[in-house]
Amino acid sequence: MALLRILPSREAHPLHGIERSRAHERQAQAALPEHTLMQRAGLATARLAMAIAPHAQRVWIAAGPGNNGGDGLEAAMHLAQRGLSVTLSLLADPARLPDDAARSRARAGAAGVAIDAALPAADALHGFDLVIDALFGIGVSRAPEGVLAAAIELLNCCLGPRLAIDLPSGLHAQTGQPLGATTVRATHTLSLLTLKPGLFTGAARDCVGEVWFDGLDVPFPPGADAWLAGAPHPLERGHDRHKGSFGDLAIVAGAAGMAGAALLAARAGLAAGAGRVFVQALGTSALELDPLHPELMFRSGLLDDRAQALRLASIACGCGGGSAVHAILPQVLALPARLVLDADALNAIAADSALQVLLAARAARGHATVLTPHPLEAARLLGITTREVQADRLLAASRIAERWRCTVLLKGSGSIVAAPGRVPSINPTGNAALASAGTGDVLAGWLAGSWSGRATSDGFDVAVEAAWLHGAAAPASPVAPLRASDVIESMLAQRVAARSLQPR
């Protein structure tokens, strides 16, 4: 299987957690001659190392006590055979190495690799053109300590490329969260055999750099624990269509002092494709016209005046809703077949068991709901802490989805989309440029607006698409926050770009 660049990428990829990856490795080893997988892993690592640092002369490899260390030893042999000066710190008892790693140690020594039991001096780091992290693989479940933690600190001090084998040491392969205080911050990560979910969500996005994959000539295992979302396939707007073909969207949001949230959501829904967009501002906000988008229609009594029509519409509720949203939530929860709940709507539901009953009843009636919490709102819905949500984002999103039989878009680094009976999706786009006021309102409005014109009532795929476009709106190398009002136009541009790449 050819080497694939995963991040950044526009393709969808299956992700396999720790248990599925281990089972896949055992099956592959049983079907191949002994030591084959490690030899392939070492060769793949050496090839990528040469590709990302083609002029490197001196390389330092930090190898740990398991098979990940064996991959590093195997890579050291190949690099030495190509004429590089390789220093390898084997931070393990050679007598206790796994059999395959012991064989690779012998091969590296025979190739002239200098294998040391100690770390290089800090002042020697500037002499290395490339460093390789081969300390820990997916088997580690506790924080690095002692000399292994010190090795991570030294790896992070190197100014040249830092290549991690399988995943950066100190990072959990399933959750993407640090196991302790120290994690390798790689510039490149080469995932082997399978792609792990922990490479793409939580703190991982700041640790993995560019992600690459090599399946080592072994086919993907069946099934997946999650999918890394790919670029969306925008729908064509056929010639024989009219505004009624693309559905109605109602925005119920914007309490006093928060009218901007309603405007952002409404403008995003309009840009996403809704045929008509109505707005009911909450509290004392007296919105009657959006001078920039006069096509938006403001109705103070929208939920009462158009109750029957709204049963067929999409509604986005909660953006900047404040405490005023609580009073109208029973009506909102009862009306539409398609509902997006964000921000203060989620907080109100988390604090009111009666509203939770109404939310659960929607699924029983065949009505679809998408919740778009950030980690704190997700914690409130689950009755746990934000830290517990972030400790396993996939699990947290899935728990919310199962509890209320709805689709959940858990925002944050590597946003998660989960729904009952669906394999979760992890979004690969976006960065901290989106960490500014109002960007969540844009996402909720866009999602609801895009949903209004779809034949499907399932919000899962629409949520995956919206998250991808929203993240893709951020600049590749952010130096400042992206203003929420600018996100809408950038999402439009990304959708056009995604369409242009599709075959005709």
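Student: How far is the sulfur of Cys158 from the closest cysteine sulfur?
Tutor: The closest one belongs to Cys157 and lies 7.1 Å away, which is too far for a bond, given that a disulfide is a pair of cysteine sulfur atoms within 2.5 Å. This is a predicted model, in which local features need pLDDT of at least 70 and side-chain atom pairs count only at pLDDT 80 or more, while totals for chains, interfaces and linings use all residues. Residues are numbered from 1 along each chain as its sequence is written, and side-chain values use heavy atoms, with hydrogens and water left out.

Student: And Cys207, how far is its sulfur from the closest cysteine sulfur?
Tutor: That distance is 15 Å, again to Cys157, and it is too far for a bond; the structure holds 0 disulfides.

Student: Is Cys158 buried or exposed?
Tutor: Cys158 is buried at a relative accessible area of 4%, and Cys207 counts as buried at 5%. Buried means under 20% relative accessible area, exposed over 50%, and partly exposed in between, using a 1.4 Å probe and protein chains only.

Student: Changing topic: how many salt bridges are there?
Tutor: The structure holds 15, a salt bridge being a side-chain nitrogen of Lys or Arg within 4 Å of a carboxyl oxygen of Asp or Glu. One of them pairs Glu34 with Arg103, whose closest N and O atoms are 2.7 Å apart.

Student: Which parts of the chain does that pair link?
Tutor: It links distant parts, since Glu34 sits in the loop between helix 1 (18-31) and helix 2 (36-52) and Arg103 in helix 4 (residues 99-110), 69 residues apart. Helices (H or I, at least four residues) and strands (E, at least two) are DSSP runs, numbered from the N terminus. Glu34 is exposed at 62% relative accessibility, whereas Arg103 is partly exposed at 36%.

Student: What about Lys411, which residue does it bridge to?
Tutor: Lys411 forms a salt bridge with Asp342, with 3.2 Å between the closest N and O atoms. Lys411 lies in the loop between strand 17 (407-410) and strand 18 (416-418) and Asp342 in strand 15 (residues 338-342), so the pair ties together parts 69 residues apart in sequence. Lys411 is buried at 13%, and Asp342 counts as buried at 2%.

Student: Which residues are joined into one network?
Tutor: Asp248, Arg276 and Arg306 are, through salt bridges that share partners.
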